[in-house]
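Have a look at the structure first.

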Amino acid sequence: MSLNKIRNAFSILLGSLMLFVSDSSYAELQWNLTEGVTPISHQIYDLHMIIVYISVIVGVGVYVMMIYSIINHRKSRNPTPATFHENTTVEVIWTIIPFVVLVALAIPATKTLLALEDTSDADVTIQATGYQWKWKYEYLNEDISFFSALDTRSNKIRQLNSGLDPADHVDENGKNIYLLDVDNPIVVPVNKKIRILTTSNDVIHSWWVPELAVKRDAVPGYINESWAIIEKPGVYRGQCAELCGKDHGFMPIVVIAKQEAEYNDWVAMKQQEKAAAVVASGKTYGKDELMTRGEAAYNTSCASCHMPTGDGIKGVFPALKGSKIATGPVKDHLDMVINGSRKNPAMTAYGTQLDNLTLAAIITYERNAWGNDTGDIVQPADVKAAR
């Protein structure tokens, strides 16, 4: 087969494959490793490219020798085969060269691996705990903690028969962020060493942000460490990279890197929010306000299983609409939400995840939405007492 025929066949194959790729996805198609915005990501990228170049050279050399041998040593040109069986010099050469290449590659690879594991002297330490299906972040030096879940717009779009177009969910730069945005991103300072501890509350998750060159499994009962120094401000997105259950695909990660002064302002704001939440949990609220708060919190924390309509998923997650829990005794409802289900592990304990006011709002909403209409109002004080 001539070179032109091979080239034409490859072009036809590539063109056929592109028929299945939309214009927008083709524009974002990436053929190489992400270079990243951290020193360790640059080391990994450089090591990757060295190995790619060596592999290309070896591959080209092997194919050139194969083609040369096929053309010049075919039967029609050499009907009588050679009688030699080995060549010691050649065998020594093709043994020594790969050995030298591997030893040469081992040096930068070892340096990169050692640097990858060096989490010492961190300026900020964040513990990322995986939950089905969200992340909890704890800033161990600043006494800040919060949950980060799929953003409200993505959550609405993904619902069956939502009528919303995922292509319309874009950021300020016009880049599609459907299933890649969260309600509470983590914020870090640039040019500071960020130590990230990953663990899990239930099943194995994986905290992965390509541009930071961080990908660590979150294993229950075990803590993995990684680090990053982000060199420029920006928004960096990732996802859970370990199949962790029904909503694995709806567990994004968003890291916002800011200048140190802006980061300090954010820390102060979060600490004020925490203090305000403590005060808010001691107040008494009207039904309308609890219902408004409850609907928003329900859609963030509960709708993925029980559905926004409260109908649940038949045979998998029970309906709350007209259920014994949502229309029965309030104390049983409080116990279920705070402590989880003893019979069904899928119903997690939200008492460790949400504050008193949020739990009170969710329970009030569940007891009065979708036609349940119990008229019950649950206050933060009720949740505190039930704990």
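## Helix α3 and what covers it

Let's start with the cover: α4 (88-116) and β8 (224-229) are among the elements that cover the buried residues of α3, where contact means heavy atoms within 4.5 Å. Helices (H or I, at least four residues) and strands (E, at least two) are DSSP runs, numbered from the N terminus. Buried stands for under 20% relative accessible area, exposed for over 50%, and partly exposed for in between (1.4 Å probe, protein chains only). Within α3, the buried residues include Ile40, Ser41 and Tyr45, along with Leu47 and Met49.

This is a predicted model: local features need pLDDT of at least 70 and side-chain atom pairs count only at pLDDT 80 or more, while totals for chains, interfaces and linings use all residues. Residues are numbered from 1 along each chain as its sequence is written, and side-chain values use heavy atoms, with hydrogens and water left out.

How far apart are the end C-alpha atoms of helix α3? They are 49 Å apart, which agrees with the 50 Å that its 34 residues (39-72) should span at 1.5 Å a residue; the expected span is 1.5 Å times one less than the number of residues.

## Glu211

Glu211 sits in the loop between β6 (205-209) and β7 (214-218). It counts as partly exposed because its relative accessible area is 29%. Leaving aside residues up to four places away in sequence, Glu211 touches Thr34, Gly36, Val37, Thr38, Ser41, Val235, Tyr236 and Arg237. His42 is 169 residues from Glu211 along the chain, yet their C-alpha atoms are separated by 9.9 Å.

## The largest pocket

Here's the grid rule: on a 1 Å grid over the protein atoms alone, a cavity is a set of points where a 1.4 Å probe fits but cannot get out, and a pocket is an open set with protein on both sides within 12 Å along at least five of seven lines; lining residues have an atom within 4 Å of a point. Points are joined across faces, edges and corners, and a volume is the space filled by probe spheres set on them.

The largest pocket has a volume of about 1200 Å³. Its lining has 36 residues, with Ser145, Ala277, Gln353, Asp355 and Thr358 nearest the centre. Two or more lining residues come from each of β2 (134-139), β3 (144-148), α6 (260-280), α7 (287-301) and α11 (356-368), and α6 gives the largest share, seven residues.

## The cavity

There is one cavity of 30 Å³ or more, and the largest cavity holds about 50 Å³ of space. Ile126, Ile186, Val188, Ile194, Ile196, Trp207, Leu212, Ala228, Ile230 and Val255 line the largest cavity.

The peptide bond from Gln132 to Trp133 is cis, with omega near 5 degrees; Trp133 is in the loop between β1 (124-131) and β2. Asp121, in the loop between α4 and β1, has a positive phi near 55 degrees without being a glycine. Leu179 is another non-glycine with a positive phi, about 65 degrees.

## Overall dimensions

The protein has 12 helices and 10 strands. Its C-alpha trace spans about 95 × 50 × 40 Å along the principal axes. Of its 387 residues, 36% count as buried.
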